[in-house]
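Subject: Structure handover

Hello,

Please find the structure below, followed by notes on what turned up in it.

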Amino acid sequence: MRTPLRPSHPLSRRGLLSGALSSAALLAGGGVLAGCGTKGAQQTETGCVSEDLSGTEKVLNFSNWPQYMDVDEADESKRPTLDAFQSSTGIKVTYTEDVNDNNEFFGKVQNQLAGCQATGRDIMVLTDWMAARMIRLGWVQKLDPAKIPNVQANLLPSLRNRSFDPENRIAIPWQSGLAGLAYNGKVAKEIRTVDELLTRPDLKGKVTALSEMRDTMGLLLQSNGHDPANFTAAQFDDALAKLKRAVDSGQIRRFTGNDYAPELAKGDIAACVAWSGDVIQLSAEDDKIQFVTPDSGVMLYSDNMLVPNKATHKGNAEALMNYYFEPKVAAQLAAYVNYICPVQGAKAEMEKIDPELAANPLIFPDEAMLSKSKVFMALTEEQERSYESKFQQVIGA
């Protein structure tokens, strides 16, 4: 069994999306999103013009999530791939791990971006749904495809032409992951479908689902034969009714962030809706814990690099994005963080580093798995409010 390359993440990228700062709670309570629809919040490319000083200023300010960059095990002050980028380009990168929650980060930058002011950041890494909101508000700069040729050539087909970035020139995936099912083989038989999870008698009261609406509802939409990337309000309501029946019957014990992971490891819960990054960590310690791609499909999500309005080093940001889409560099990063690598060609490079990781379908999914994956539909502000509110009522948040 492979020894983990570093301690397990205390929180996964997705686990940080839920809890007290869930978007629904903020939407319902009129928190940081209150300004989304107010006059002056929306920006346009012509109305909020950014100047690029990359030609004369070789600096870059990069905001990312904690533990999302490779680190030298012998000297944790060193970040091998990032250090190599700085050496090869002469661009000095100020790397800050200050994205701890999508909504919390939105609150940090909302006033500046709504007012067409600089945030002090040239790259920020945000999850699909928040990236979609930022794009909808006009708060993000478009990239020059000619300056990111590696992205154009090597981005996985499953991550191209997403509904919130159809031209692949605003949100560039940093790492990706899957939402599917998981079970502990010590306390449960294999599960293959969402319907099994929600109705099988031997699992009653031993099941959890995610409080992240897009993942749980995306899987239920798929289980009903509908497309999470393109669905109607009626289809959403049908899937929600299925979820409510499972809640009312006592099949689902509770809804979680990634705090389901220790319960699954102990066998306190038998099966759950889960994130692939967490299950990689658990299965490295216990191979009885398995991630399952439901027969109806899985949800694919990404954390994306964005260049906010008024950032003055877009060219330097494009250079870094292009660098991390070199397969060799992408493999080095993936070997440390263990999420889905969004770069074609990185698997062959990973085989030189760690053949076992290269064979892991939760880091390098095969075409069969990717063909069953969907990215949740980009929502309008009105849809986001409506769907989140309905979902929160069912899960009791």
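**Charge over a ring**

Arg 133 places its charged end over the ring of Phe 106, at 5.1 Å from the ring centre. Please keep in mind that this is a predicted model.

**Aromatic pairs**

Searching the whole structure gives 13 aromatic pairs. One of them is formed by Tyr 323 and Tyr 324: the ring centres are 5.0 Å apart and the planes stand at 85°, so this pair is edge-to-face. The cut-off behind that label is an angle of over 60 degrees between the planes.

**Cysteines**

How many disulfides does a search of the whole structure find? The search returns one. The disulfide joins Cys 48 to Cys 116, with an S to S distance of 2.0 Å. This pair links distant parts of the chain, the two residues being 68 residues apart. Cys 48 is in the loop between helix 1 (23-29) and strand 1 (59-63), while Cys 116 is in the loop between helix 3 (102-114) and strand 3 (123-127). The link of Cys 48 and Cys 116 is right-handed, with 95° about the S-S bond. Are Cys 48 and Cys 116 buried or exposed? Both are buried.

Two further cysteines have accessibility values to report. Cys 272 has a relative accessibility of 0% and so counts as buried. Cys 341 has a relative accessible area of 2%, so Cys 341 is buried as well.

**Asp 354**

Where is Asp 354 placed? Asp 354 lies in the loop between helix 13 (346-353) and helix 14 (355-358). Its relative accessible area is 16%, so Asp 354 is buried. A polar atom of the Asp 354 side chain lies 3.0 Å from the backbone nitrogen of Glu 356.

**For your own viewing**

Regards

Definitions and conventions. Residues are numbered from 1 along each chain as its sequence is written. This is a predicted model: local features need pLDDT of at least 70, side-chain atom pairs count only at pLDDT 80 or more; totals for chains, interfaces and linings use all residues. Side-chain values use heavy atoms; hydrogens and water are left out. A disulfide is a pair of cysteine sulfur atoms within 2.5 Å. Helices (H or I, at least four residues) and strands (E, at least two) are DSSP runs, numbered from the N terminus. Buried means under 20% relative accessible area, exposed over 50%, partly exposed in between (1.4 Å probe, protein chains only). Rings of Phe, Tyr and Trp (its six-membered ring) pair if their centres lie within 6.5 Å; planes under 30 degrees apart count as stacked, over 60 as edge-to-face and the rest as tilted. A charge sits over a ring if NZ of Lys or CZ of Arg is within 6 Å of the ring centre and within 35 degrees of the ring normal. A polar contact is a pair of N or O atoms within 3.5 Å; within protein, one must be able to donate a hydrogen and the other to accept it, and residues adjacent in sequence count only if both atoms are side-chain atoms.
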